[in-house]
Amino acid sequence: MIEGWNLVIGIEIHAQVNSKSKLFSSSPTDFGSKPNSQVSLIDAAMPGMLPVINKFCIEQAVKSGIGLNAKINKKSIFDRKNYFYQDLPQGYQISQYKDPIVGEGFVEIETENGQKKIGVERLHLEQDAGKSLHDQDPNFTFVDLNRSGIALMEIVSKPDMNSPEEAVEYVRKVRSILRYLGTCDGNMEQGSLRADVNVSVNKPGNELGTRCEIKNLNSFKFIHAAIVYEAKRQIKLIEQGESVNQETRLFNTQSGETRSMRSKEDAHDYRYFPDPDLLPLTLDDDWIKGLQDSIPELPDQIKERFINEYSLSSYDANIIVSDKATSEYFEDVVKNRNPKLVTTWVTGELFSILNKKNLIIEDSPITSKQLGELVDNIENGKISNRQAKEVLEEMCESGKGASEIIDEKGLSQISDENEIESLVDNVLNSNLENVKKYKNGKDKLFGFFVGEAMKLSKGKANPKIVNDLIKKKLSQ
Amino acid sequence: MEFDKKSLLKLGKLARISISEDKLNNLSKDLNSILEFVDQLKEIKTDQVDPTSNSLNQKLEVRDDKVDNKNSTEDVLENAPEKEMDFFVVPKVIE
């Protein structure tokens, strides 16, 4: 990224488990509820309350581990991570320290130099904290414990990424895998998936630099911007002869800058120890095997299949499989249809409509069935590509089907050769002067004849047939 | 293990508790007597025993992913010294 400097990036992803109730209590996990309306006495850490683990959350962590090609640990331990903060009523977070539920794995990402393997260090289960609001009152902080105790999967990468682009690709890939597995909804705006990014810089050949951690990034754009800013900041410090302090920093989404959050001298001392309220978690082989068998086709496999089955380019396949809903949509439309045409219409026209309306594909105004009907009309020559764009727009506006709109508007393309031949004859006969010029070498007039014939047909004639017939007639 | 004043002040800071100078001596005496007791426990050989293992070979109890929102906002906020608009209210905290 910056000439003469190496960039080393490691990422911790916090992914909220897609469970109805919390990790150690039966409180609901719905987003956007009234403050403190989803809090049990366990979540509020009243004395005498005991945590009981949610079986579903264990399953989702193991499934995610399998999706990340990782080792599943048959024995794992829950520890207390002690720190004092107003949104952590227990005074400690139940997490996993030395013995996480999932060990080493990897994901593959696409880079400009081809495929790259990014190592995963571990995945562990832990509780989310509550939420502090600092801007409600000048003198007080307001605390909402709805999120307190919700199950998170913390996925820690190895420091294997070397550019902001690779970092973004890695988070995208992990998010996509979790969404295919259904273990996390990946909704970054609602905070279901957020990233802490560790950045350091060094000169090639030198030992690694001191890293800074940038907390709580909740969009791909912010991840990229924070890394770029942080790398430049560190390089500037070093070039000025100063040194980088190991610290936690916050990214300001308004200014695009990072600022120090905690300095090293009051670095946390978490005093981890095994939670005496929770026995070790043990998993048996048959149970793990059962989950392995339930893993759906994942993006890498689907991409491979799309390339083989539908002859998609690696580029197109990548775009389509990066999102589960998109690949399902594509597969619905492509059945028994021309894959090339379908790819163009899904990644081209449909995507541009969704972008314009700022919609995700799940909320597409055009269902896969409706787009299929439109593609059928192009494939059988009833309408041209240009007309199809018009029809698609109308479909969005009115919600009507493609065939219905084509009939209503009389858009149907004329593909009848006899009909087109009479049009062409008509054009050539009324432009005898130009026909003469063409035959004497003025090639450019060819387009003029085509244009006239199309005009005469009110744009409905099949342009290919018009072209062929004019060529044939003029060469006679 | 000896609990000196410096460790005690650090522990106080981590727990956000201020410890006044005149209490330091008594507190470190108290804590040291607890630690001495722990040292005594440490004499038992446990290197062959897994942490949190138990003689009944009990396994971790699990529950199904079912929602039961049994405690109301009022229950949860009942003992809060300060509350407003269903939030807990605490002195301003800025990171």
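**Contact between A and B**

I began with the contact, which takes 40 residues from chain A and 33 residues from chain B. Two residues are in contact if their C-beta atoms, placed from the backbone, lie within 7 Å. Helices (H or I, at least four residues) and strands (E, at least two) are DSSP runs, numbered from the N terminus. β9(A) gives the most to that side, with five residues. I sorted the residues of this side of chain A into 20 nonpolar, 15 polar and five charged. Ala, Val, Leu, Ile, Met, Phe, Trp, Tyr, Cys and Pro count as nonpolar, Asp, Glu, Lys and Arg as charged, and the others, Gly among them, as polar.

The model is predicted: local features need pLDDT of at least 70, side-chain atom pairs count only at pLDDT 80 or more, and totals for chains, interfaces and linings use all residues. Residues are numbered from 1 along each chain as its sequence is written, while chains are lettered from A and ligands numbered from 1 in the order in which they are written.

**Strand pairing**

Next I followed β9(A). It pairs with β3(B) (residues 87–91) in the antiparallel sense over four bridges; pairing needs at least two DSSP bridges between the strands. I found Val89(B) in β3(B) as the bridge partner of Phe142(A).

**Val62(B)**

I then looked up Val62(B), in strand β1 (residues 62–63) of chain B. Val62(B) touches Ile53(A) and Lys55(A), not counting residues up to four places away in sequence.
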